[in-house]
Amino acid sequence: IIGDAIGYTIAFYLSRTLGLPIVSKWIATDEQSIFRRAVDHVGTIKGFLHTCLTLGAVPELIAYAAGLTKLPYRIFIPVMIMLPAAVSSILVYIGATFGTEGTLATTIILPLAALVIIAIGGTLFMKAIAKEKKEAEV
């Protein structure tokens with residue numbers, strides 16, 4: 001967990017110092033672009049949690065995305081420490097249940113639950129971006 005926290009911190013600060021200028025060269029950064037709206041949404045606590053639900057399996061990407069925003073580090077790091085620990089625990093449990101009796105339900109239910117969580121996170125994220133776009137147009 002300590003190594004993960006150090007890695008997330010490095011990705012966060014690299015993105016914060018070098019990321020936006022590099023990413024801006026490749027992606028349109030005007031206020032109406034979907035990239036700009038997504039980055040602005042990730043910069044809120046609610047948006048950061050939506051991102052964690054959607055991209056929980058790739059915490060390095062979450063760390064990089066959070067670094068592109070104004071999200072405070074003190075909010076970022078506790079979530080980033082707990083999220084991968086929870087995901088890893090669930091994956092270890094699924095792996096440990098293979099080959100034992102009576103685990104078909106666990107082997108099917110937990111991965112399906114993960115897919116539902118990812119779908120909910122993605123839906124919330126896209127709805128929030130669409131709402132922000134409508135508010136910006138008004």
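Author: Read along the sequence, the pattern is α-α-α-α-α-α. The protein has six helices and zero strands. Both are DSSP runs numbered from the N terminus: helices are H or I with at least four residues, strands are E with at least two. The model is predicted, so local features need pLDDT of at least 70, side-chain atom pairs count only at pLDDT 80 or more, and totals for chains, interfaces and linings use all residues. Residues are numbered from 1 along each chain as its sequence is written, and side-chain values use heavy atoms, with hydrogens and water left out.

Now to H5 itself. Helix H5 covers residues 73–97. It has 25 residues and reaches 36 Å from its first C-alpha to its last. That is close to the 36 Å expected at 1.5 Å a residue. The expected span is 1.5 Å times one less than the number of residues.

Which residues of H5 are buried? They are Ile75, Phe76, Ile77, Val79, Met80, Leu83, Pro84, Ile94 and Thr97. Buried means under 20% relative accessible area, exposed over 50%, and partly exposed in between, with a 1.4 Å probe and protein chains only. Of the protein's 138 residues, 34% count as buried.

Next, the neighbours. Two packed helices are described by the angle between their axes and the distance between the axes. Axes are lines fitted to C-alpha atoms, for helices over the stretch in contact, and angles run from 0 to 180 degrees between N-to-C directions.

Take helix H3, residues 45–54. Its axis comes within 12 Å of the H5 axis, and the two cross at roughly 20 degrees. That makes H3 roughly parallel to H5. Angles under 35 degrees count as roughly parallel, over 145 as roughly antiparallel, 65 to 115 as roughly perpendicular and the rest as oblique. On the H3 side, the contact (heavy atoms within 4.5 Å) is made by Ile45, Phe48, Leu49 and Cys52. H5 supplies Ile75, Phe76, Val79, Met80 and Leu83.

Then helix H4, residues 59–67. H4 and H5 pack at about 170 degrees, with axes 11 Å apart. They are therefore roughly antiparallel to each other. Pro59, Ile62, Ala63 and Ala66 of H4 meet Phe76, Met80, Leu83 and Pro84 of H5.
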